[in-house]
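Here is a short briefing for a reader meeting this structure for the first time. Look over the sequence and the model, then work through the points below.

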Amino acid sequence: MVKALKTITWQDIIRMLNSDVYLYELGRKWGNDFLTSEQQAAMIRKYKNELLDLQDDLADYTSLPLPDSATLIGIFMARCVIAELINQEPVASDEILKVDYRAKPDQFDSRWTITIYNPVADEEMIGVAELSYAEILGMRVAIDDDTDFMAGLAVLFNEITKSGLYDWERSAVIYRQNAEQQAVESAMYDFMEQTQQIALFFDEYVASHPDDPNLPDEIALFWPLTTGIMAPLDADDPASPLISTMQLDPKLLARFKLRFGQAFRRFKGE
């Protein structure tokens with residue numbers, strides 16, 4: 001049984017981050033612990049003027065020490081996320097943004113897992129980065145009790161912004177990802193339909209030509225057209241299982257059409 005989750009709303013998180021102390025701490029953890037040096041450099045190139053303005057604001061209006069560059073970037077990004085969130089109309093949801101921490105890193109050397117948890121179905125899904133800010137604002141947040149809350153919040157902010165910092169950036173990335181996914185699904189459907197047609201054609205052709213002595217060898221030759229080109233799941237592992245690449249051998253397909261083209265078209269009703 002899944003233990004009851006302690007959750008917090010985004011409204012409470014935003015109110016907490018109105019404190020310069022908490023915002024500073026979030027920025028310190030985000031910038032130093034979860035942004036790579038390459039990401040930091042990219043942020044400086046892209047938002048140099050904005051970061052300089054923020055540095056001046058922090059010097060003029062807070063009593064906190066001037067942050068290092070990584071912390072400054074984290075504070076800037078956190079303020080951007082908060083500004084985007086408060087401009088949204090939340091999409092009401094029972095789902096929870098769940099941040100889990102493990103003492104032992106996983107196979108990708110990560111100690112963190114960020115998922116969308118459905119408490120009704122008791123299911124967890126990935127895809128936090130693909131949510132809109134309006135969807136995010138409508139969800140509660142649960143951060144693992146076994147870790148530092150601000151570290152968990154930093155890793156959640158980092159995950160959210162993988163699709164972009166601003167709403168328009170995120171929308172463009174999410175739209176492109178959805179279009180790419182639809183293209184992949186469409187190609188997969190076309191592949192499966194084509195290979196299934198060939199397999200069904202072979203079944204019918206064999207049944208209607210029981211006395212053809214050459215047919216077993218021909219079917220064996222062309223049978224890879226019913227599965228696609230097979231390749232190891234892990235090219236570096238000799239014991240890796242074979243999986244379909246979802247591609248047909250063009251030369252074999254051309255030979256198939258030359259040998260069975262007319263009969264195959266009749267089979268499809270063309």
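## A nonpolar patch on the surface

Val184, Met188, Met192 and Met246 make up a nonpolar surface patch, and their accessible area together is about 340 Å². The model is predicted. In soluble globular proteins, nonpolar side chains tend to be buried together. The patch formed by Val184, Met188, Met192 and Met246 is on the surface.

**Members of the patch**

- Val184 sits in helix H8, which covers residues 167-208.
- Is Val184 buried or partly exposed? Val184 is partly exposed, because its relative accessible area is 44%.
- Met246 lies in the loop between strand S6 (242-244) and helix H10 (250-268).
- Met246 has a relative accessible area of 35%, so this residue counts as partly exposed.

**Positive phi angles**

- Most residues other than glycine have a negative phi.
- Met246 has a positive phi, near 65°, and is not a glycine.
- Asp122 is also a residue other than glycine with a positive phi, here near 55°.
- Where is Asp122 found? Asp122 is in the loop between strand S2 (112-118) and strand S3 (123-125).
- Asp122 is partly exposed, because its relative accessible area is 42%.

**Nonpolar cores**

- The largest nonpolar core holds 48 residues.
- Which residues touch the most other members of this core? They are Trp10 and Leu97.
- Helix H5 (residues 69-86) supplies the largest share of this core, with 10 residues.
- Leaving out residues up to four places away in sequence, Trp10 touches Leu85, Leu97, Ile136, Leu137, Met139, Val141, Leu156, Phe157 and Ile160.
- A second core is separate and has 16 residues, among them Phe201, Leu215, Leu248 and Ala263.

**The chain as a whole**

- The protein chain contains 10 helices and six strands.
- Its radius of gyration is 27 Å, whereas a compact globule of 270 residues would have one near 18 Å.
- Along the principal axes, the C-alpha atoms of the protein chain fill a box of roughly 90 × 45 × 40 Å.
- Of the 270 residues in the protein chain, 38% are buried.
- The accessible surface of the protein chain is about 16400 Å², and carbon and sulfur atoms account for 53% of that surface.
- Among contacts in the protein chain with a separation of 6 or more, 70% join residues 24 or more positions apart.

Definitions and conventions
Residues numbered from 1 in each chain as written. Predicted model: local features only at pLDDT ≥ 70, side-chain atom pairs only at ≥ 80, totals over all residues. Heavy atoms only, no water. Patch = residues over 30% accessible without salt bridge, like charges linked within 9 Å, V, L, I, M, F, W, Y side chains within 5 Å. Areas by Shrake-Rupley, 256 points an atom, 1.4 Å probe, with all protein chains shown as cover. Salt bridge = Lys/Arg side-chain N within 4 Å of Asp/Glu carboxyl O. Helix = DSSP H or I, 4+ residues; strand = E, 2+ residues; numbered from the N terminus. Buried < 20%, exposed > 50% of the residue type's maximum accessible area, 1.4 Å probe, protein only. Rg over C-alpha atoms; globule rule 2.2 N^0.38 Å. Contact = heavy atoms within 4.5 Å. Core = buried A, V, L, I, M, F, W, Y, C linked by side-chain atoms within 4.5 Å.
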